[in-house]
Amino acid sequence: MKKINVAPENPQYRIVEIFESLQGEGRNTGMPAVFVRLGKCNLACGWCDTDYLAFGMMSLSDILGRLKTYAARNIIITGGEPTIQPHLDTLLDALKAEGYFLCLETNGLNPAPPQIDYVATSPKACYAAKYEKSCIETADEVRIVADGDVLAFCENMERKIRARHYYLSPCEQNGAMNIYDTIRQIGILNSRPDAPVHWQLSVQTHKWAGIE
Ligand code: SF4
């Protein structure tokens with residue numbers, strides 16, 4: 001018999017942090033938003049800069065109460081990987097009922113929940129074989145981190161994920177950022193014959209500005 005996963009009345013969530021700031025990258029750079037960072041991930045990228053295991057448990061009612069203390073009505077659900085969070089639907093339903101605009105940041109191995117208004121997916125070239133098997137099929141933006149030669153991966157993701165915007169982001173490893181190589185790869189992607197000219201640069205502006 002199939003196990004039905006019924007959410008408790010006031011479920012608990014793995015919360016790394018909740019804070020108000022500006023979106024630092026991608027299409028919505030500069031937009032005020034409240035970030036809800038959920039714990040745990042289904043990948044383990046070597047250059048990951050998020051301590052997604054440093055979470056505490058927080059109830060739905062406490063999360064909603066906390067969000068009311070911020071001005072922004074735009075919530076970015078991020079991680080870690082948000083789609084592996086138990087009872088995520090219950091949280092998203094509650095946020096929609098409060099009238100929030102919901103953005104999801106996901107590595108794209110799982111589909112985006114229907115409550116989400118804007119999907120930014122960041123498929124990881126270092127796990128290309130997983131994306132070969134299955135991944136998200138549509139998104140508002142695709143953001144790929146150039147952690148090496150990612151040209152073939154970008155072309156594959158372009159075929160698999162239909163999106164309005166495609167970005168390549170430099171990778172920061174051991175304190176160095178490969179921005180010139182990232183721009184070089186964008187140039188190659190945008191000069192392919194008979195291919196769309198839609199690859200753009202996305203940098204983590206919040207790091208440059210010194211804000212969270
Ligand atoms: S998918 Fe994102 S959060 Fe997960 S390990 Fe990779 S960079 Fe970190």
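Predicted model: local features only at pLDDT ≥ 70, side-chain atom pairs only at ≥ 80, totals over all residues.
Residues are numbered from 1 along each chain as its sequence is written, and side-chain values use heavy atoms, with hydrogens and water left out.

Me: Why is Cys103 called buried?
Reply: A residue counts as buried under 20% relative accessible area, as exposed over 50%, and as partly exposed in between, with a 1.4 Å probe and protein chains only. Cys103 has a relative accessible area of 6%, and therefore it is called buried.

Me: How do you know which residues are around the ligand?
Reply: A residue is near a molecule or strand if one of its heavy atoms lies within 4 Å of it. The residues around the ligand are Cys41, Leu43, Ala44, Cys45, Trp47, Cys48, Tyr52, Gly80, Asn107 and Lys124.

Me: What makes up this shell, by class?
Reply: Ala, Val, Leu, Ile, Met, Phe, Trp, Tyr, Cys and Pro count as nonpolar, Asp, Glu, Lys and Arg as charged, and the others, Gly among them, as polar. By that rule the shell around the ligand has seven nonpolar residues, two polar and one charged.

Me: Which space is taken by the ligand, and what is meant by the word for it?
Reply: The ligand takes up the largest pocket, and a molecule is said to sit in a cavity or pocket if more than half of its atoms lie within 2 Å of its grid points. On a 1 Å grid over the protein atoms alone, a pocket is an open set of points with protein on both sides within 12 Å along at least five of seven lines, whereas a cavity is a set of points where a 1.4 Å probe fits but cannot get out; lining residues have an atom within 4 Å of a point.

Me: What is the volume of the largest pocket, and what lines it?
Reply: Its volume is about 960 Å³, where a volume is the space filled by probe spheres set on the points, with grid points joined across faces, edges and corners. The lining of the largest pocket has 39 residues, and Glu25, Arg37, Asp49, Thr50 and Gln204 lie nearest the centre. By class, this lining holds 15 nonpolar, 12 polar and 12 charged residues. Strand 1 gives the largest share, four residues; strands (E, at least two residues) and helices (H or I, at least four) are DSSP runs, numbered from the N terminus.

Me: How many cavities of 30 Å³ or more does the search find?
Reply: The search of the whole structure finds one, and the largest cavity holds about 50 Å³ of space. Its lining has 13 residues, of which Gln23, Asn28, Tyr118, Ala120 and Arg143 are the closest to its centre. Strand 5 contributes the most to this lining, with three residues, and the classes are five nonpolar, three polar and five charged.

Me: What makes the phi of Lys40 worth a remark?
Reply: Most residues other than glycine have a negative phi, and most peptide bonds are trans. Lys40 is not a glycine, yet it has a positive phi of about 75 degrees, and it is found in the loop between strand 2 and strand 3. Asp194, also a residue other than glycine, has a positive phi near 60 degrees and lies in the loop between helix 5 and strand 11.

Me: Why is Asp194 called exposed?
Reply: Asp194 has a relative accessible area of 87%, which is over the cut-off for that word, so Asp194 is exposed.

Me: Which residues does a cis peptide bond join?
Reply: The cis bond joins Gly79 and Gly80, with omega about 15 degrees. Gly80 lies in the loop between strand 4 and helix 2 and is one of the residues around the ligand.
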